[in-house]
There are 2 protein chains.
Amino acid sequence: MDAELYLQRAASHCTAQGSRLTPLRRKILQLALAQSGLVKAYQLLHCLQAERGLDNGVVAPPTIYRALDFLVAHGFLHRVDALNAYVVCPHFACEHDGIMLVCDHCGQVQEVDATHSLGSLWQQCHQHGFQPHQRDLVLTGTCQQCQTA
Amino acid sequence: MDAELYLQRAASHCTAQGSRLTPLRRKILQLALAQSGLVKAYQLLHCLQAERGLDNGVVAPPTIYRALDFLVAHGFLHRVDALNAYVVCPHFACEHDGIMLVCDHCGQVQEVDATHSLGSLWQQCHQHGFQPHQRDLVLTGTCQQCQTA
DNA sequence: GCCAGAAATGTTATACAATATCATTTTGAT
DNA sequence: ATCAAAATGATATTGTATAACATTTCTGGC
């Protein structure tokens with residue numbers, strides 16, 4: 001994934017809807033993009049701390065979590081509850097009914113369109129008067145490579 | 001749900017497959033059954049500690065987590081990742097393709113059969129060589145009552 | 001019954017995850 | 001320029017979970 005392009009499009013997306021991709025948020029999104037798969041909050045914390053150097057103050061957890069909340073709320077990241085982790089969402093702008101298949105062995109993420117099965121799933125929820133919070137579904141499991149290995 | 005009956009059936013289920021519902025595990029399952037919806041690990045910790053009294057030693061987290069792991073592995077509980085919580089599974093023996101709709105406002109849980117939509121979901125996973133860990137799906141959201149309220 | 005290995009539990013300590021609270025700075029609108 | 005809102009900094013604390021090792025309990029073979 002081309003990080004620079006992604007960041008540019010993310011910035012446009014934000015301004016278009018009146019929210020702000022501040023330097024801090026941008027930086028953290030950039031760090032997340034540098035990962036190939038899962039990103040963890042405290043990992044970002046350490047990265048950011050390292051970048052700032054020892055003299056430039058300490059990065060505290062709320063700094064990270066606030067940025068992550070923003071990025072998730074705006075669709076740039078998905079949270080993987082089962083692993084207390086996050087993954088970049090490659091197509092934040094489109095309306096996508098997708099599933100993200102997260103391998104909890106190697107951390108790789110595979111995206112799959114699932115308009116059909118998810119459609120009937122959400123429909124079923126609504127039939128029971130239930131308003132699900134998630135639009136996309138994040139599933140954990142074992143990917144092909146890790147099964148054979 | 002009749003807790004005594006449930007515990008009896010759970011015990012049978014365990015012996016039938018050569019695993020042991022020990023007094024500790026049984027106790028924790030019983031505590032979980034006493035809740036109407038979500039149960040949290042440290043809540044169980046405090047309950048168990050209270051039951052044992054102050055003189056009978058201290059209950060430590062691993063005691064709880066090991067029991068919870070067992071109960072989840074054997075299908076008596078489901079873990080709700082999004083909330084770091086657990087819910088009792090009312091029908092552990094049946095092969096059930098169900099979704100559990102967990103209201104993160106009031107904690108109530110609603111079970112819905114979703115053989116169709118889940119079937120196509122799991123099928124899609126396998127088509128991509130992905131082996132999901134979950135059989136049931138646990139979704140968080142807002143229930144009907146909490147929407148109107 | 002007795003013993004050896006396995007399973008379960010106890011114990012201590014620590015790592016990881018997340019939030020509450022309040023102070024300070026930056027931003028955008030008037 | 002000023003004010004209010006948004007964002008960030010800073011401090012402290014709570015909640016969640018596991019590692020590592022000791023001890024006890026159970027089980028099957030003798």
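## A buried glutamine, a chain interface and a DNA strand

Gln124(B) counts as buried because its relative accessibility is 17%, under the 20% cut-off. The model you are looking at is predicted, so please read each value here as computed from that model.

Let us stay with this glutamine for a moment. Gln124(B) sits in helix α5 of chain B, which covers residues 115-127. Which residues does Gln124(B) touch, leaving aside those up to four places away in sequence? They are Ile99(A), Val112(A), Asp113(A), Ala114(A) and Ser117(A).

**Where chain A meets chain B**

Chain A brings 34 residues to the contact, and chain B brings 34 residues as well. The size of an interface is often given as the accessible area lost when the parts come together. Between chain A and chain B, the buried area is about 2800 Å², and carbon and sulfur atoms give 58% of it. What kinds of polar pairing turn up here? Across the interface of chain A and chain B there are 16 residue pairs in polar contact, with both residues at pLDDT 80 or more, while the count of salt bridges between these chains is zero.

On the side of chain A that touches chain B, at least two residues come from each of β3 (98-103), β4 (109-113), α5 (115-127), β5 (131-132), β6 (137-142) and α6 (144-148). With eight residues, α5(A) gives the most to this side. By residue type, the side of chain A that touches chain B divides into 16 nonpolar, 15 polar and three charged residues.

**Around DNA strand D**

DNA strand D is surrounded by 19 residues, the closest being Thr22(A), Arg66(A), Lys40(B), Tyr42(B) and Arg79(B). The surface near DNA strand D is made up of eight nonpolar, three polar and eight charged residues. Helices α2 (23-34) and α4 (61-73) of chain A, along with α4 (61-73) of chain B, each supply at least two residues of that surface. Which element gives the most to it? That is α4(B), with four residues.

Of the atoms of DNA strand D within 4 Å of the protein, 53% belong to sugar or phosphate, and the rest belong to bases.

| Residue | Atom of DNA strand D | Distance |
|---|---|---|
| Arg52(A) | phosphate oxygen | 3.3 Å |
| Arg66(A) | base nitrogen | 2.7 Å |
| Lys40(B) | phosphate oxygen | 2.6 Å |

Methods
Residues are numbered from 1 along each chain as its sequence is written. Chains are lettered from A and ligands numbered from 1 in the order in which they are written. This is a predicted model: local features need pLDDT of at least 70, side-chain atom pairs count only at pLDDT 80 or more; totals for chains, interfaces and linings use all residues. Side-chain values use heavy atoms; hydrogens and water are left out. A residue is near a molecule or strand if one of its heavy atoms lies within 4 Å of it. A polar contact is a pair of N or O atoms within 3.5 Å; within protein, one must be able to donate a hydrogen and the other to accept it, and residues adjacent in sequence count only if both atoms are side-chain atoms. Ala, Val, Leu, Ile, Met, Phe, Trp, Tyr, Cys and Pro count as nonpolar, Asp, Glu, Lys and Arg as charged, and the others, Gly among them, as polar. Buried means under 20% relative accessible area, exposed over 50%, partly exposed in between (1.4 Å probe, protein chains only). Contact means heavy atoms within 4.5 Å. Buried area is the accessible area (1.4 Å probe) that two parts lose on being put together, summed over both. A salt bridge is a side-chain nitrogen of Lys or Arg within 4 Å of a carboxyl oxygen of Asp or Glu.
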